[in-house]
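Have the model open as you read.

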Amino acid sequence: MQGDRYSQMVAWLKVALPIMALAILSTLFLLSRATNPTSSIPFADADVQNRLANQKITGPYFSGTTADGDLIAFVAEEVSSPQEFVGETRARDVFVRIDMAGGTAVTVKSDTASVLLADDQADLTGNVILVSSQGYEVRSQFLPARVTALDVRSPETVSAITP
């Protein structure tokens, strides 16, 4: 008789527990508040318009090889392209590594960079530090460079440490 009660209770619970679970879930959906999807977006209209107008890439990494066989790697915190993709491209927290075919390695760091590919010009500004594997270290606040020729000349005062 004891086994019969146990079997009947298990059979009854097999039906009752899933029905209770469905009841709990249905009340969850029936009693929940409706949300307005447009009001839950945390961006202001001005921020959205700015993001649409000024395309940005966060954490880009570019690498390539020059015609002379020099390897170039470029890393930045953020790069923004000009409107309609014409004009000056700007980067923030820039790091460039150049491994020259002759064996010399050069690293360049700067706070910002602006690049005009059409003019073959890159301007590095703010705490520019150029370090070569031969022991040279050059510091400046402004360092313009030709992109394709790796030609760097500073019109401003520089401080340098040499071997």
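## Ground rules

Buried means under 20% relative accessible area, exposed means over 50%, and partly exposed is in between (1.4 Å probe, protein chains only). This is a predicted model, so local features need pLDDT of at least 70 and side-chain atom pairs count only at pLDDT 80 or more, while totals for chains, interfaces and linings use all residues. Residues are numbered from 1 along each chain as its sequence is written, and side-chain values use heavy atoms, with hydrogens and water left out.

Asp-93 has a phi near 50 degrees, a positive value in a residue other than glycine. Asp-93 sits in strand E4 (residues 89–99); strands here are DSSP runs of E, at least two residues, numbered from the N terminus. At 41% relative accessibility, Asp-93 is partly exposed.

Asn-127 also shows a positive phi near 50 degrees, and isn't glycine either.

## The largest pocket

The largest pocket holds about 860 Å³ of space. A pocket is an open set of points on a 1 Å grid over the protein atoms alone, where a 1.4 Å probe fits, with protein on both sides within 12 Å along at least five of seven lines; lining residues have an atom within 4 Å of a point. The volume is the space filled by probe spheres set on the points, which are joined across faces, edges and corners.

Of its 30 lining residues, Phe-74, Val-96, Val-115, Ala-122 and Val-147 are the closest to the centre. E4 gives the most to the lining, with 6 residues.

Notes: Helices (H or I, at least four residues) and strands (E, at least two) are DSSP runs, numbered from the N terminus.
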